[in-house]
Each structure stands twice: as structure tokens, then as C-alpha cells.
Amino acid sequence: MPKLPIYLDYSATTPVDPRVAERMIPYLTQQFGNPASRSHAFGWDAEKAVEQAREEVAGLVNCDPREIVWTSGATESDNLAIKGAAQFYKGKGKHLITVRTEHKAVLDPMRELERQGFEVTYLDPEPNGLLDLDQFAGAIRPDTILASVMHVNNEIGVIQDIDTLGELCRARGVLFHVDAAQSTGKAPIDLGRLKVDLMSFSAHKTYGPKGIGALYVRRKPRIRIEAQMHGGGHERGMRSGTLATHQIVGMGAAYRIAAEEMATENERIRMLRDKLWAGIGTLDEVHLNGDLQRRVPHNLNASFNFVEGESLMMAIKDLAVSSGSACTSASLEPSYVLKALGRSDELAHSSIRFSIGRFTTEEEVDYAVQLLHKHVGKLRELSPLWDMHCAGIDLNTVQWAAH
Amino acid sequence: MSYSDKVLDHYENPRNVGGFTADDASVGTGMVGAPACGDVMKLQIKVNDDGVIEEARFKTYGCGSAIASSSLVTEWVKGKTLDQALAIKNTDIAEELALPPVKIHCSILAEDAIKAAVADYRTKHEVATEGYASCDPKAA
């Protein structure tokens, strides 16, 4: 019997790897200097640590360390990239492109830019969650200045073809921003080869601490952005504020471990994910959300038809997972990501996201499968929809009294 | 979101799960909600010759609060006349289960389920006395 509860929500956040925490601690109590202090050894030590971490982050994604700007996390990086580039290049045009399944940290800045007079095209993905490349190319206009497409989706784990999307953007003179919060350590990123101009990173999705992230800003060709935070001109004027040395050291350490271990780690995680899917796939009426092949091994998002997601989470409370059900949100709207794939509301309401990580064990996956088999069956016995399904009634033909 | 002990109790040990034969003349069936909204409740009442609800059964697709609300309602309507059952208000259900504001709609749905079941029973009886076949509960 594994230790309960079991954490299967690595896409929400990850624990800090103990090796990372160990490297961070001296920068809180001993080497506490301000990296901007140029006049003494405390500052020099802190600056050296920050620059080493910058190299470690650059190392995972194959870019020049001078292209890395520290931020407070991927949300800030997305805001800085999108609003910063739009405001700098607005003289060239006021049109932007993004996708409906992006994270709110991209969609909300886009909405803000619309209020400021920009125009945004929101593309619908294919039913498998992937973007149609021709549709994307067709959306580019002469006044398009920036496109933003995430690398790996946070809910369904699908990997967008940022390789081809980057080529399409570069050929048409459009800046390309990629939110990579969910892909570092999971999918390879080679900025030496990719035609990506701006890329957002987070530490806490990759076994680093919360509260730290970075924005990659390409130097060749040089990309300019307008700062969103003023006050001292840190980070070459792009992001002011005293650098959080211990957090930065933690992000560097976490990204170094990811670079060294991702190949073997991902194989192990893929094995666990496949085992989980094989285990729950034998249940009747379980639907996978998102493409199975073009997907990070860490993610499994499935809809358990005729069972509402929140009540299923309540039944499997020993598993820490998340759901696209509306009942988990204040809005009463089910997952906008699943709806953008064309999933019916009821399947969106019935979805559970399992995300597997570094510390997940085979025993935990076996336990999860067993628990799901027990409780999905129990909840279906309680479900009038399951009765109707078993009686051969097509739920789409029923006149429901919406409320 | 954390649940009250009463919600957890009804969720983990739901009362009166199941159903009666819908075309039985003594049975009233109410089905309310919609799958697209994330909750569907089916409530059935069995009424004796004195017009008193002898038994109730439910099945619910929905969150824990929806399941608990319908389970509670099956306990409350038992032993009540149809009019007494109709007097049960969603606020009573919400208060008993200590539902948070975001879950109030679950208690409203449970109240609607009672109304729908009673209306079905009454329609059936008017229809039955005139000698017609019983109605289709699926359309309720």
C-alpha cells in the first residue's frame, strides 16, 4: 500500500527536488548579498551565482545566457513578452494571433491588448488539440506583429509543432512567442535551431521553486520589448527589481538536473503513463482528451463518461488530481480547453487530468487504477445518465431542462 | 473546496439510491437538470392511497453536493403529503448541508426535482382517471 494521498498533479506544480533545495539554502543565510552590489564580495558572490544559473537555464534550451531575463514566473514572462513586444512594435501593425487553448497567462494579456486597440485572432485547434498549420499560415496578415502558441498544453499535454510554426512566422516577419512553462524537461527545446523569438519559462513545473521564471529574448535577430516593470534597470532594462538570488540558483539547479536526466526520466514516466492508460482504458466509455502520440509522457487527460468530474475526484480523494469539471471552478463553466477541442459539455464535465512526475512510483499508478475501477463503477450505479446509456437511449435526443 | 460533514456523509453513504417502475400508477418521476450543465437528478416518489409519500428513490449525475442534496431530499419527503413535500425549500436543503454559495444551484435542483416528481404523479392520476396510458417518464 503506497503512502496516501498520492500526488498526480505534477502539471499544477512539482515539489522542489531536494538537490535543488540544498543548493538554494546557503543563498538565504550565508551568501545573501544583492547581485547588483558592485562594491563588495557579498554582491560579487551573489552575481556569480546568478550568472551560473543563467548558464544552466540557457544550457537546457541551447541559447546564449545573455538571452535569458529573470522574471517572477511564466505568467510574468508571458505578459512581458506579449505586451512588451506589442507595445514596442505597434508602429508596424496591431494584429496578433494566438490559440483558444492557450493558458490564461497568454489569453488575458491578449484581452488587455484588445482593450488597448490591438486586434487578436484566436485560432481553434483540431479535435486532437493540435493546431492546423495551414489555418495558422492563413491567419497571418501584413499587419500581424506577433503570434503566441504554447509548446505543451497544460491540460491535455499535447505538443504543438513550434518548429514549423516558427518557420512560418519568420518567413512572414512575424515575431513568435512560445509559452514553454509545461515543456522544460519534458520535451526537447533547441533555441539554436528553432525560429522562436520569445519563450517563457517557469521553475516550479520543473522541480524548482515557485516565484521564479525567465523570458528568453532573442539577440540574433535582435528582439526588442518594452519593459512592464520599471525601477533600477535590472536585466538590461527589461525587468527591474532586485534579483531573488536563492530562487534563481534554484531554477538553475533544477534546469541543470532536467538537462542531465530528462532522457532517462521521460522513458520511466512514459512507462508509468502507458500503464495508467492501459489500466483505466479497460473501463467502458472512457475517452482520451488530446492526441496520444504528440503528447508529453507526463500527461493523461481522460473523460469518464456519465460520471461528473468533481464527484469522481471526491471519490478518489486519495489521489491528488485535477478536473475540467465546472464544479471545480467558481464560473460553473467546464474547461475551455476541452470545449475548444469540440468536446461536448458533458465530456468536459467528466474529465480528470492525471500528471505524472519524477517521484511517481509504479505502486502508486497501480493503486490509482484500482481505485478508479472501484469508484467509477460505484458512481455510475448512481448515475441516471448511465442507466439511460445502458438502456440504449441517446442522450443527445433527450430534451433537457437546462437550468 | 472543502465539504461539510453532512455532505460527505450523504456522498459516501447515499440513502435510497435506485428507482421504481416508472409506469406504476403510484409512482411519480422527476428528472431535472442537463448533462451539459454538469448535473442531472432523477427523483421518484411512491405515493399511497392517502396521498402520503411512502418511499423515495434517486439517481444523480453531478458533484458531491448535488448527490448529497438529492439523497437528503429522499429522506425528507418520506412520510410527507404531496403538499408538504412541495413546501420543502432549497434554502432548507442548503442550510442543512451547509452548502457554499457556489453550490446553491444543487439545492435549487433538488427542490425542482421534488416539484417535477409531484407534478408527474398528479398528471398521471388525472390522466389515469380518464383512462389513458401513463406518460413517458423520460420526457418528465
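In this predicted model, 25 residues of chain B are in contact with 25 residues of chain A. Which elements of chain B supply at least two residues each to the side that touches chain A? They are strand S1 (27-34), strand S2 (39-47), strand S3 (53-61) and H2. S1(B) gives the largest share, 4 residues. By class, this side of chain B has 16 nonpolar, 5 polar and 4 charged residues.

Stay with H2 of chain B for a moment. Besides supplying residues to the side that touches chain A, H2(B) packs within its own chain. Two packed helices are described by the angle between their axes and the distance between the axes. Helix H2 (residues 64-77) of chain B packs with helix H4 (residues 90-97) of chain B at an angle of about 110°. Their axes are 10 Å apart. Angles of 65 to 115 degrees count as roughly perpendicular, so H2(B) is roughly perpendicular to H4(B). The crossing of H2(B) and H4(B) is right-handed. On the H2(B) side, the contact uses Ser65(B), Ala68(B), Ser69(B), Leu72(B) and Val73(B). H4(B) answers with Ile93(B), Glu96(B) and Leu97(B). Sorted by class, the residues of this contact are 5 nonpolar, 2 polar and 1 charged.

Now turn to chain A. Chain A holds 13 helices and 13 strands. Its C-alpha trace spans about 75 × 55 × 35 Å along the principal axes. How does the radius of gyration of chain A agree with that of a compact globule? For 403 residues, a compact globule would have a value near 22 Å, and chain A has 22 Å, so the two agree. Of the 403 residues in chain A, 51% are buried. Take the contacts in chain A between residues at least 6 apart in sequence: 73% of them join residues at least 24 apart.

Helix H4 (residues 74-89) of chain A and helix H5 (residues 104-115) of chain A cross at roughly 30°. Their axes come within 9 Å. Angles under 35 degrees count as roughly parallel, so H4(A) is roughly parallel to H5(A). This crossing is right-handed. H4(A) makes the contact through Ala74(A), Thr75(A), Asp78(A), Asn79(A), Ile82(A), Lys83(A) and Ala86(A). From H5(A) come Ala105(A), Val106(A), Pro109(A), Met110(A), Glu112(A) and Leu113(A). The classes here are 8 nonpolar, 2 polar and 3 charged residues.

Next, look at the backbone of chain A. A cis peptide bond joins Leu4(A) and Pro5(A), with omega about -5°. Pro5(A) sits in the segment before strand S1 (6-7) of chain A. The peptide bond from Lys220(A) to Pro221(A) is cis, with omega near -5°. Pro221(A) lies in the loop between strand S8 (213-217) and helix H8 (245-280) of chain A.

Positive phi values come next. Tyr207(A) is not a glycine, yet its phi is positive, about 70°. Tyr207(A) is in the loop between strand S7 (198-202) and S8 of chain A. Glu285(A), a residue other than glycine, has a positive phi near 55°. Glu285(A) belongs to the loop between H8 and strand S9 (286-288) of chain A.

Is Tyr207(A) buried or exposed? It has 28 C-beta neighbours inside 10 Å, so Tyr207(A) counts as buried. Glu285(A) has 15 such neighbours inside 10 Å, and therefore counts as partly exposed.

Terms used
Residues numbered from 1 in each chain as written. Chains lettered and ligands numbered in written order. Predicted model: local features only at pLDDT ≥ 70, side-chain atom pairs only at ≥ 80, totals over all residues. Axes fitted to C-alpha atoms, helices over the stretch in contact; angles between N-to-C directions. Parallel < 35°, antiparallel > 145°, perpendicular 65-115°, else oblique. Left-handed = near helix turned anticlockwise from the far one by under 90°. Contact = placed C-beta atoms within 7 Å. Nonpolar A, V, L, I, M, F, W, Y, C, P; charged D, E, K, R; others polar. Rg over C-alpha atoms; globule rule 2.2 N^0.38 Å. Buried ≥ 20, exposed ≤ 12 C-beta atoms within 10 Å, placed from the backbone.
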